[in-house]
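Hi everyone, thanks for having me. Please bring up the structure on your screens, and we'll walk through it together.

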Amino acid sequence: LFLPPQGWRLPPGFGEASYAGYFARAGLGVGDTVQSAEGVFFLAALPPLAPALCIRANGRFTLARARGGAGFGAGPYGGVVRPELAVLARDWAGHLRLGAPVTGPKASALPMEGRLATYTLLWPRHADVTPLPADLVFASAETEGGARQFAVAGVVVEAEGVRLALREVMG
């Protein structure tokens with residue numbers, strides 16, 4: 001059972017995607033994906049004696065990095081071409097929304113440029129995958145808004161997960 005949280009604190013910057021998960025947690029860990037009748041969720045936190053903090057996913061995303069290291073211009077003509085990409089995470093559940101991260105008391109510390117369209121991707125935290133600025137994110141065709149490509153502009157890693165500031169790129 002997944003319910004919007006009521007009466008307990010939401011993590012900063014995760015806002016409306018946050019849900020309280022009431023289910024057996026044996027064998028599950030932070031970052032795992034759970035499928036239910038309500039949708040697909042990733043586990044952001046498993047506090048003892050409290051409901052699981054779950055983030056409702058609205059798509060699947062692949063994270064890739066240019067083999068030449070982080071930075072733009074890894075391709076022969078100043079761009080990045082797909083054969084030169086190393087896939088770091090494939091088809092992970094995440095929550096994509098248009099706009100800068102939440103403002104006000106739930107504000108984030110992501111670096112933003114207000115004049116450019118920014119997307120925020122809420123992503124599970126895994127010890128072996130750390131997104132960096134200039135990485136590329138590919139949204140699957142099943143994601144709300146369809147298949148798209150993004151460049152990572154900013155990263156905030158927290159206990160509850162990772163928030164990525166993304167800029168859409170043509171591909």
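I'll start with the whole chain and then go through some strands and side chains.

First, some housekeeping: this is a predicted model, where local features need pLDDT of at least 70, side-chain atom pairs count only at pLDDT 80 or more, and totals for chains, interfaces and linings use all residues. Residues are numbered from 1 along each chain as its sequence is written, and side-chain values use heavy atoms, with hydrogens and water left out.

So, what does the secondary structure come to? The chain has zero helices and eleven strands. Helices here are DSSP runs of H or I with at least four residues, strands are runs of E with at least two, and the numbering goes from the N terminus. Read from the N terminus, the elements are β-β-β-β-β-β-β-β-β-β-β.

How much of the chain is buried? Of the 171 residues, 46% are buried. Buried means under 20% relative accessible area, exposed means over 50%, and partly exposed is in between, with a 1.4 Å probe and protein chains only. The chain exposes about 8800 Å², and carbon and sulfur atoms supply 57% of that. Those areas come from the Shrake-Rupley method with a 1.4 Å probe, and for residues only the protein chains shown count as cover. As for contacts with a separation of 6 or more, 57% of them are between residues 24 or more positions apart. A contact means heavy atoms within 4.5 Å.

Now let's look at how some strands pair. Two strands pair if DSSP finds at least two bridges between them. Take strand S3, residues 33-36: it runs antiparallel to S4, and four bridges join them. S3 and S4 form a hairpin with two residues between them.

Next up is S9. It pairs with S6 in the antiparallel sense over four bridges, and Val137 in S9 is the bridge partner of Leu63. S9 also pairs with strand S10, residues 148-158, again antiparallel and over four bridges. There, Ala139 stands opposite Arg148 in S10.

Which way do the side chains of S9 point? Leu136 and Phe138 point one way, Val137 and Ala139 point the other way, and all are buried. A bit of background: in a regular strand the side chains alternate between the two faces of the sheet.

On to charges. Side chains of opposite charge can pair when their charged atoms come close. We call it a salt bridge when a side-chain nitrogen of Lys or Arg is within 4 Å of a carboxyl oxygen of Asp or Glu. By that rule, there are two salt bridges.

One of them joins Arg65 and Asp135, with the closest N and O atoms 2.7 Å apart. This pair links distant parts of the chain: Arg65 is in strand S6 (59-66), Asp135 is in the loop between strand S8 (119-123) and strand S9 (136-139), and they are 70 residues apart. Both Arg65 and Asp135 are buried.

Another salt bridge brings together Arg163 and Glu158, at 2.8 Å from N to O. Arg163 counts as buried because its relative accessibility is 1%, and Glu158 counts as buried because its value is 17%.

What about the aromatic rings? The structure holds four aromatic pairs. One of them is Trp92 with Trp123, a tilted pair at 5.3 Å centre to centre with 35° between the planes. Rings of Phe, Tyr and Trp (its six-membered ring) pair if their centres lie within 6.5 Å; planes under 30 degrees apart are stacked, over 60 edge-to-face, and the rest tilted. Trp92 sits in strand S7 and Trp123 in strand S8, 31 residues apart. Trp92 and Trp123 are both buried. Together with Phe61, they form one aromatic cluster.

Last, a couple of backbone spots. Leu49 isn't a glycine, yet its phi is positive, near 60°. Leu49 lies in the loop between strand S4 (39-45) and strand S5 (52-56), and it counts as exposed because its relative accessible area is 92%. Asp91 isn't a glycine either, and its phi is positive at about 55°. Asp91 lies in strand S7, residues 85-98, and it counts as partly exposed because its relative accessible area is 41%.
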